Amino acid sequence: MVKRRGLIAAATATAATAAFGAWPLSGRAATTWPSRPIRLVVPFPGGSSPDLIARYLAEPLAQALGQAIVIDNKPGAGGNIGTGAVAKAAPDGHTLLFTIQGPLITAPLLAKSLPYDPQRELRAVSFIASSPNVLVVPPSLGVDTLAQFVALAKQRAGALNYGSIGIGSAAHLAMESFIARAGLKLVHVPYAGFPQVVNAMLAGQIHAGFMVPAIAMPQVKAGKLKALAVTSAGRFGALAELPTVAESGYPGFEATSWQALLAPAGTPEAIVRRVADEVIRIVRGDAFRRELLPLYFSAAGTSPEGLDSLMSDERKRWGALIKQLKLERE
């Protein structure tokens, strides 16, 4: 387990530089990159899944690049504060962003205005990892399968509700997408975070909700909540016993939470490629994959073009749903 600390792998910098080499860059004055510690901004608090996964990545990446990496947690506004800070940072390869899809995809689609433009001010580096959502219900609801839940929801149309961590969150959009596919009427109840959603469900205040597995499964294993299905395209390794929404009568349904690495737009292409190459090697390795298992995340590790493609597809998909639902956030 990587310890939560700000400065990572500084002691290995000299040896790693010798092993991998530094990259000369041209400009008004010839420099070598990286010439100082790299700041990796995580726009979420310490202990969150983006923070943990960023730290799992930072240590081997620091070794590969021959320079320390400093984790800079900048939480607030659903990740928009830290994301905006990177968007405005100098594009010299010494500032990177590790974030989830919200500040990149849903925030620009929902907000009337943002202090940054992710398509214009950020450069894709690599799609790092993804996790499905799990549909959970309280045992008192009396359903054991997705089909039974749908039947009950139709029988009690408009009487059941569901919780999420806010308008435009992955959990909210996943449920609204499913509601549209299944032809249901459920009332949305937004909360500040997953702990509040869990507490409300345990108290019998809400009837269902999509949650990330790291939050849902401890409650499921304790018998306090019941898991009905996952939103991955196929059965998910650590949750292989759970059927997918797709195989439960809704072919093609998929709604995952994902995390990615980006840089300020204008970062030299040679730097972007070097970071991406090292990240792909690390993320696809067994050690990194093992770190993700307790968090129920699956490693990806793509080229910058792979992340660009993912973001383009996500903008189209969720943009259509947000427009259909007429969602808006201040």
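Leu-57 is buried, with a relative accessible area of 0%; buried means under 20% relative accessible area, exposed over 50% and partly exposed in between, using a 1.4 Å probe and protein chains only. This is a predicted model, in which local features need pLDDT of at least 70 and side-chain atom pairs count only at pLDDT 80 or more, while totals for chains, interfaces and linings use all residues. Residues are numbered from 1 along each chain as its sequence is written, and side-chain values use heavy atoms, with hydrogens and water left out.

Leu-57 belongs to helix α2. Helices (H or I, at least four residues) and strands (E, at least two) are DSSP runs, numbered from the N terminus. Which residues does Leu-57 touch, not counting those up to four places away in sequence? They are Phe-98, Ile-128, Val-279, Ile-282, Val-283 and Phe-288, where contact means heavy atoms within 4.5 Å. Ala-238 is 181 residues from Leu-57 in sequence, and their C-alpha atoms are 21 Å apart in space.

## Where α2 meets α10

Leu-57 also takes part in a helix contact: together with Pro-60, Leu-61, Ala-64 and Leu-65 of α2, Leu-57 meets Arg-274, Val-275, Glu-278, Val-279, Arg-281, Ile-282 and Val-283 in α10. By class, this contact of α2 with α10 has nine nonpolar, no polar and three charged residues. Here Ala, Val, Leu, Ile, Met, Phe, Trp, Tyr, Cys and Pro count as nonpolar, Asp, Glu, Lys and Arg as charged, and the others, Gly among them, as polar.

Helix α10 covers residues 269–283, and α2 packs with α10 at an angle of about 130°, with their axes 10 Å apart. The axes are lines fitted to C-alpha atoms, for helices over the stretch in contact, and angles run from 0 to 180 degrees between N-to-C directions. The two helices, α2 and α10, are therefore oblique to each other; angles under 35 degrees count as roughly parallel, over 145 as roughly antiparallel, 65 to 115 as roughly perpendicular and the rest as oblique. The crossing of α2 and α10 is right-handed, a term used if the near helix is turned clockwise from the far one by less than a right angle, with left-handed used if anticlockwise.

## Two contacts of α12

Now for helix α12 (residues 304–325), whose axis comes within 10 Å of the axis of helix α4 (residues 102–110), crossing at roughly 35°. The crossing of α4 and α12 is right-handed. From α4, the contact uses Leu-104, Ile-105, Leu-109 and Leu-110; from α12, it uses Met-311, Glu-314, Arg-315, Trp-318, Gly-319 and Ile-322. Seven residues in the contact of α4 with α12 are nonpolar, one is polar and two are charged.

How do α7 and α12 cross? Their axes come within 11 Å and cross at roughly 70°, which makes α7 roughly perpendicular to α12. On the α7 side are Leu-173, Ala-174, Glu-176, Ser-177 and Ala-180, and they meet Arg-317, Trp-318, Leu-321, Ile-322, Gln-324 and Leu-325 in α12. The contact of α7 with α12 divides into seven nonpolar, two polar and two charged residues.

## Aromatic pairs

How many aromatic pairs does a search of the whole structure find? There are three; rings of Phe, Tyr and Trp (its six-membered ring) pair if their centres lie within 6.5 Å, with planes under 30 degrees apart counted as stacked, over 60 as edge-to-face and the rest as tilted. One of them joins Phe-127 and Trp-258 edge-to-face, at 6.3 Å centre to centre and 75° between the planes. This pair links distant parts of the chain, with Phe-127 in strand β7 (residues 122–132) and Trp-258 in strand β13 (residues 256–264), 131 residues apart. Phe-127 is buried at 14% relative accessible area, and Trp-258 is buried at 1%.

The rings of Phe-178 and Phe-253 have centres 6.0 Å apart and planes at 85°, so this pair is edge-to-face. It too links distant parts of the chain: Phe-178 sits in helix α7 (residues 170–182) and Phe-253 in the loop between β12 (226–230) and β13, 75 residues apart. Phe-178 is buried at 0% relative accessibility, and Phe-253 is buried at 2%. Phe-178, Tyr-250 and Phe-253 form one aromatic cluster.

## Gln-259 in β13

Gln-259 lies in strand β13 and counts as buried at 1% relative accessibility.
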